[in-house]
Amino acid sequence: MTIRESLEVVLHQALTSAVQAGELPLDEVPLPTLERPREEGHGDWACTVAMRLAKAARMNPRAIAQILVDNLPENNLIESVEIAGPGFINLTLANAVFQNVVTEVREQGSDYGKSSLEHPCKVDLEYVSANPTGPMHVGHGRWAALGDAIARVMRHAGYEVDEEFYINDQGNQMNVFADSLVVRYKQALGLEVEMPEASYGGGYVKDLAQQIIERDGDKWLSVDPDTCRHEFREMGYQAMMNNVKETLEIFGNHFNTWFSERSLFVPDEEGKTKVDRAFEVMKERGYIFEQEGATYFRSTAFGDEKDRVLIKTNGELTYFMSDVAYHYDKMQRGYDHLIDIWGADHHGYIPRCQAMMAAWGYPDALEVVLGQLVTLFRDGQQVRMSKRTGEMITFRELIDEVGVDATRYMMLSKSSDQSIDFDIEVAKKKDASNPVYYVQYAHARICSILRKAAEARGISTENASVADLVDALQISTADLSVLTHESELDLMRKMADFTDLIAGAARDRAPFRLTHYAQDLASLFHSFYTNCRVIGEEEAVEQARLALADSARIVLALTLNLLGVSAPERM
């Protein structure tokens, strides 16, 4: 139970006592909720329950607040209480509450901040899902960082999460890619062939064609066009998927499922495809109809602006039919909730997809997280093209230049509904102007302090991990009651917020909050280290401050890990 939850229980006990004593004329006793005071000096938490109850109790809110305060049970959480304004109850907590956080962090380690859900929830999180017709662009990189971080944070908050990549390997775009590759192959062999109007013209297509020539020579010139197209489509497809998988592996993504769109059209033992199965269930529920030779889904029954075509008049399936089958298949795999991460340009697609879920009886099962664009800058100047290729900068080029840690951190620095201006040169800097460097430096600085403390006590630090040094320093028995300096308390207060932070970030799919938290925690540590000498103080103070520093190290490392960013011990 978090500090906030424990306080809410104490306040609920006070309300219950007041109602039972007849001091508050209420039929029901609500669970008080807490919020942060708007101004410094107004305590650690504020409760507005007195103002909320004024109408029901027909009493002045300040009088209600006083009754609640008078009925507070004995507890070791609250140091002092103040009634302010129209009826705010401002609570200042005992120092021991925050000092205990140091012990909790050090005992729980990487499990600190974990929680469980009242009801288990198995989630399928689908993201990136780039078409296998070219290398990943920078926008895909944002989804890669966002999806992975959401999964990590949700797992820490008690969800069961599977990560999924949907491979769009069915449809006309694959044929266009194949035709583009065939033309580049022929051109590289000296044939005068023009690229079709609908084509993929990037330099990577030329590179792929050259690789085929180096391996196979001109053998494909004598193959019939249909066979050639099929083979080139498969070769191009495999090359692009290898590129995508390699890039994502470097970036630290690990997908449980790579789902091929083609698999939706493979007959099962009864001769029916997944498309057939999804269509049949929707038809049984009465949401399929035909009009002018086309087959429609009656999505207007669920609030969509118009009914959607599933099968065209020529018998060709629409892209939406694939989405219908795919999402139905997800639910048949036993998930309670589906989360898709899409680009903001797909916003208009959401109502029809949520309509299809409602048609099967899953009205709230699909959640779509929309992400805005990433704009690259270099020293404040917008850049679009790669210096090396003269074409769009790929995601792989970005992480090769900037590094995984900085790329992830910058991609996660804002809410997904905000665009990101990503300055490449800032991300490469080794100073406080680079936010990820600033946070990582704080972690490395703590590790350095622990090493110096060990050396001062004659403990060998050669080849020793920080965890080994912490054990050798024997700070687990430190008397934490000496941690009363305001800088120490501020640092402990921030660590106490971590569990609530994780629960909220998981609930709202908002891992960007962890980047803000990491910045604040790093800043508070630097303030603590400036204001409170650690090494060289009397033994009791030094031990307590080493324990505090170590707990800050653990929370910083955990925060970075949940973002998929490393926590270096040396910089």
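Reader: Over the face of which ring does Arg408 lie?
Author: This is a predicted model, in which local features need pLDDT of at least 70 and side-chain atom pairs count only at pLDDT 80 or more, while totals for chains, interfaces and linings use all residues. Residues are numbered from 1 along each chain as its sequence is written, and side-chain values use heavy atoms, with hydrogens and water left out. A charge sits over a ring if NZ of Lys or CZ of Arg is within 6 Å of the ring centre and within 35 degrees of the ring normal. At 4.7 Å from the ring centre, Arg408 lies over the face of Phe251.

Reader: How is the aromatic pair of Phe525 and Phe528 classed?
Author: Rings of Phe, Tyr and Trp (its six-membered ring) pair if their centres lie within 6.5 Å, and planes under 30 degrees apart count as stacked, over 60 as edge-to-face and the rest as tilted. By this rule the count comes to 23 aromatic pairs. With 5.7 Å centre to centre and 55° between the planes, Phe525 and Phe528 form a pair that is tilted.

Reader: Is Phe525 buried or exposed?
Author: Buried means under 20% relative accessible area, exposed over 50%, and partly exposed in between (1.4 Å probe, protein chains only). Because its relative accessibility is 0%, Phe525 counts as buried.
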